[in-house]
Amino acid sequence: MRYLTAGESHGPQLTTIIEGLPAGMPLVDEDINNELARRQKGYGRGRRMQIEKDTAQILSGVRHGFTLGSPIALVVENNDWKHWTNIMGAQPIEEEQEDEGKRKITRPRPGHADLNGAIKYGHRDMRNVLERSSARETTVRVAAGAAAKKLLSLVGIEIVSHVTEIGGVSANVDRSLTLEIIKERSEKSPVRCTDPSVEKEMMDAIDSAKENGDSIGGIVEVIATGMPVGVGSYVHYDRKLDARVAAAIISINAFKGVEFGIGFEAARKPGSEVHDEIGWDERKGYFRKTNRLGGFEGGMTTGMPIVVRGVMKPIPTLYKPLMSVDIETKEPFSASIERSDSCAVPAAAVVAENVVAWELANALVEQFYSDRFETFLEEINKQRQFAREF
Ligand code: EPS
């Protein structure tokens, strides 16, 4: 499967074209819109989220609620576009309108794509970079992921996400919680956290960052259950599924690190406390007695839950800006102040969940016959049975 996204943050719309979902798979607007609504929530977001009410239109590839096998085009309109038609329009503008009409940016914000992107493409107006590097783009990544998530749910794979840390406030992650409870608690929580005892502290941390004109980051965790054993590859570096999942996480705006299972803790422990002992039982077949490796061995799924965490840095757009250099005058200046969120970690958890869903679905589609949905499902179930009886 593949998808491409297009769209500027304050342009008319965001678009994605998805290719490779099996034909005959049920897919309706709500499957996508539910995910889009989840992504818009979360304590710490700025005013933009009050302007937008993200809904996707399915413009191709689906007929009467089922995929056709042809590319699926999804479009999400930007409500904010109406305030930006002059600034972001595709038509040339008169020279005398240039300054006012462009809202030109010449002061790059440290930590953003502004300066490197401007040098890369030769943009003297860094709005040309900012508009596309904005995390607004994650809207349609979630839309694409939502279609993948639908595929996963239809083949018995559940995926959830939650926030484990915000601005140095850590949740006590209870590993005995069921997926259902993680989902229920995180969905109810304004910070998508399963531990109610730290929720307020996380919100206070966001409030104080906002008061100080600052921003804070955090850690999100995605858990997926029900993947068949042996999806991915130990044979080819570019088909190792853990590597693809890691790349998907790091590709989310502002993500700087990723770990599976006990993750970086593995560096501090002996092998006997890192690897998961293998067991067998008649009903389940092979299983691991623990899941410290987070569902992957040798680039392939073990059949245990996939547990992956990503770290998001604080959003670099600050009301208390850091020093930068104006690219016109080369004089030191405070970086441009743009409207922003003080914390987008709860929303980023939903993004992470959906981009991971995409990678898992993609690996399944690649590994199993996938032209017709029904046969695809049968093949996956055959593999599950094969692994149980092996
Ligand atoms: C973002 C800046 C803000 C965020 C935006 C990401 O947008 P604006 O520039 O319009 O205030 O709200 O996130 C979204 C619009 C979104 O949908 O998540 C940035 O610079 O990355």
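Two strands count as paired when DSSP finds at least two bridges between them. I worked from a predicted model throughout.

**Entry 1: hairpins**

With that definition in hand, I looked up strands β11 and β12. They form a hairpin, with 3 residues between the two strands. Strand β11 covers residues 278–281 and strand β12 covers residues 285–288; I found them antiparallel and joined by 4 bridges. For one specific pair I took glycine 279, whose bridge partner in β12 is phenylalanine 287.

Strand β1 (residues 2–6) pairs with strand β2 (residues 13–19) in the antiparallel sense, over 5 bridges. Arginine 2 has glutamate 19 in β2 as its bridge partner. These two strands also form a hairpin, here with 6 residues between them. In the turn I noted glycine 7, which has a positive phi of about 135°.

**Entry 2: the open sheet**

I next traced a sheet of 5 strands. The sheet is open, its pairing is antiparallel, and its strand order is β8-β7-β9-β15-β10. At the edges I found β8 (169–170) and β10 (255–260), each of which pairs on one side only. I recalled that strands of a sheet pair through backbone hydrogen bonds, either parallel or antiparallel.

Within this sheet I followed the pairing of β7 with β9. Strand β7 spans residues 158–166 and strand β9 spans residues 218–225; 8 bridges connect them in the antiparallel sense. Serine 161 has valine 222 in β9 as its bridge partner.

**Entry 3: the ligand site**

Which residues surround the ligand? I listed His10, Arg39, Arg45, Arg48, Met49, Ser134, Ala135, Arg136, Thr139, Arg339 and Asp341. Sorted by class, this shell has 6 charged, 3 polar and 2 nonpolar residues. I also checked the space that the ligand takes, and it is the largest pocket.

For polar contacts I applied the cut-off of 3.5 Å between N or O atoms. Histidine 10 places a polar side-chain atom 2.7 Å from a ligand oxygen atom. Arginine 48 likewise has a polar side-chain atom 2.7 Å from an oxygen atom of the ligand. For arginine 45, I noted 2.8 Å between an N or O atom of the side chain and a ligand oxygen.

How much of the ligand's area does the protein bury? Taken alone, the ligand exposes 460 Å², and the protein buries 93% of that area.

Key:
Residues numbered from 1 in each chain as written. Predicted model: local features only at pLDDT ≥ 70, side-chain atom pairs only at ≥ 80, totals over all residues. Heavy atoms only, no water. Near = heavy atom within 4 Å. Polar contact = N/O pair within 3.5 Å; in protein donor to acceptor, adjacent residues only side chain to side chain. Areas by Shrake-Rupley, 256 points an atom, 1.4 Å probe, with all protein chains shown as cover. 1 Å grid on protein atoms, 1.4 Å probe; cavity = no way out; pocket = protein on both sides within 12 Å on 5 of 7 lines; lining within 4 Å. Sits in = over half its atoms within 2 Å of the grid points. Nonpolar A, V, L, I, M, F, W, Y, C, P; charged D, E, K, R; others polar.
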